[in-house]
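Reader: I am new to this structure and would like a guided look at its layout. Please begin with the sheet and move on from there.

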Amino acid sequence: MFRMFNRKYSLSSIGHAQHILSGQHALITGGSRGLGLAIAKNLSSKGCKVTLLARNETRLKANVKLLNEEYPVSELSEKKGHDYLVFDLANSHQIESFIKQQYPAYKQVNILINCAGISQHSLLIGSKPEEIQTIININLLSPIFLSKLFARSMMRLINPNIVNVSSLLSIQPSPGTSIYSITKSGLNSLTKNLSLEMQRKKIRVNAVLPGLIEDTDIGKGVNKDAISSANSLNTTADTNSASNITFPTTTSTEVASVVSGLVCDGRSSGELVVVPHK
Ligand SMILES: NC(=O)c1ccc[n+]([C@@H]2O[C@H](COP(=O)([O-])OP(=O)(O)OC[C@H]3O[C@@H](n4cnc5c(N)ncnc54)[C@H](OP(=O)(O)O)[C@@H]3O)[C@@H](O)[C@H]2O)c1
């Protein structure tokens, strides 16, 4: 049976430790905008060096410039500061070799945030095979390959941990999200299983399950009618079912602070944290 852990991470409980992540290094996929950028700002404000990965180089370059100005990496040895990688995660089977060849510093990454994702735009019966494959490649296969690669090297580093950005849709049915929700359920399973596999190596693996993040491009594109339809479906759902949840809204800043809480707390593993907490 699906088991879910909820925990509230308040901004105030983690905000006091200004440079708690000093000397640590996070790779954040989807760091060109939206939630990935919000997570990058949060972690770098705590002293963490960040590497952003996405496709849009113009955005990535601008974000890295901003982060280097606002939250410069303090270590003397870190001459380069925050940086970025341009890669299309639709080519998920090439991500391992790309990182190994183009980013030798990957062995210093102790925090992996699998945030990049795309939504679904049609019902299953109207979805083209290529669209289905692309959603699976970006949302699920890329996090699997990246976790496999980074877990090997991060087990030798301090505070090794992975946070997967899942979705409330992984546990809540909604028309037009079949493939998307399958990928996010897969991330939940990856989180639980990898957390157990890596327990002895002290690598922590957690996931966040945000509701609707209204201030990102995916959030802005969401069909509000589909959400109210899902909410009304839930009024008739089995009361024992995990799907018996209404669809709450949140912000990228709030989700980023929960991600940051998981990264910093030094103990959580295997948790699937719904945001906002109810
Ligand atoms: N917004 C919501 O309501 C909501 C709710 C629950 C969960 N989520 C999850 O939150 C995560 C972040 O989404 P968001 O809301 O911040 O949406 P967003 O603003 O659209 O950001 C998506 C990010 O993923 C990157 N990305 C997309 N396709 C990519 C590809 N092929 N290769 C590499 N990077 C790619 C984008 O960068 P480029 O375009 O530059 O490549 C961008 O940085 C996703 O996993 C999403 O499923 C969102």
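**Sheet, helices and ligand shell**

Reader: Which residue in strand 2 stands opposite His 25?
Author: His 25 stands opposite Lys 49. Strands, like helices, are DSSP runs numbered from the N terminus (E, at least two residues, for strands; H or I, at least four, for helices).

Reader: What should I know about the model before we go on?
Author: The model is predicted, with local features needing pLDDT of at least 70 and side-chain atom pairs counting only at pLDDT 80 or more, while totals for chains, interfaces and linings use all residues. Residues are numbered from 1 along each chain as its sequence is written.

Reader: In which sense do strand 1 and strand 2 pair, parallel or antiparallel?
Author: They pair in the parallel sense: strand 1 (residues 25-29) and strand 2 (residues 49-54) are joined over five bridges. Pairing requires at least two DSSP bridges between the strands.

Reader: And the sheet itself: what is the order of its strands?
Author: The seven strands run in the order 3-2-1-4-5-6-9, with parallel pairing, and the sheet is open. Strand 3 (83-86) and strand 9 (272-275) form the edges, each of them pairing on one side only. From one strand to the next, the twist averages 15°.

Reader: Which strands does helix 3 touch?
Author: Helix 3 (residues 57-70) packs on the sheet against strand 2 and strand 3, and its direction makes about 170° with that of strand 3. Such angles run from 0 to 180 degrees between N-to-C directions, and axes are lines fitted to C-alpha atoms, for helices over the stretch in contact.

Reader: Let us turn to helix pairs. At what angle do helix 4 and helix 5 pack?
Author: Helix 4 (residues 95-102) and helix 5 (residues 129-154) pack at about 45°, and their axes are 9 Å apart. Helix 4 is therefore oblique to helix 5. The classes are roughly parallel (under 35 degrees), roughly antiparallel (over 145), roughly perpendicular (65 to 115) and oblique (the rest).

Reader: Which residues meet there?
Author: From helix 4 come Ile 95, Glu 96 and Ile 99, which meet Ser 142, Phe 145, Leu 146 and Leu 149 of helix 5. Contact here requires C-beta atoms, placed from the backbone, within 7 Å of each other. By class, this contact has five nonpolar residues, one polar and one charged. Nonpolar covers Ala, Val, Leu, Ile, Met, Phe, Trp, Tyr, Cys and Pro; charged covers Asp, Glu, Lys and Arg; the others, Gly among them, are polar.

Reader: How do helix 5 and helix 6 cross?
Author: Helix 5 and helix 6 (residues 178-197) cross at roughly 10°, their axes coming within 9 Å. This makes helix 5 roughly parallel to helix 6. Helix 5 brings residues including Ile 132, Ile 136 and Leu 140 to the contact, and helix 6 brings others, among them Tyr 180, Leu 187 and Leu 194. The contact holds eleven nonpolar, four polar and one charged residues.

Reader: And helix 2 with helix 9, at what angle do they cross?
Author: The axes of helix 2 and helix 9 (residues 252-264) cross at roughly 50° and come within 8 Å. Helix 2 is therefore oblique to helix 9. Among the residues in contact are Ala 38 and Ile 39 of helix 2 and Val 255 and Val 259 of helix 9. By class, eight are nonpolar, six are polar and none is charged.

Reader: Now the ligand: which residues come nearest?
Author: Of the 28 residues around the ligand, the nearest are Gly 30, Gly 34, Arg 55, Gly 117 and Thr 216. Helix 2 (34-45), strand 7 (212-213) and helix 7 (217-220) each give two or more residues to this shell. The shell divides into 14 nonpolar, nine polar and five charged residues.

Reader: Last topic, the backbone: where is the cis peptide bond?
Author: It joins Val 275 and Pro 276, with omega about 0°. Pro 276 lies in the segment after strand 9. Asn 159, though not a glycine, has a positive phi of about 40°. Its place is the loop between helix 5 and strand 5 (161-165).

Key:
Two residues are in contact if their C-beta atoms, placed from the backbone, lie within 7 Å. A residue is near a molecule or strand if its C-beta atom, placed from the backbone, lies within 6 Å of it.
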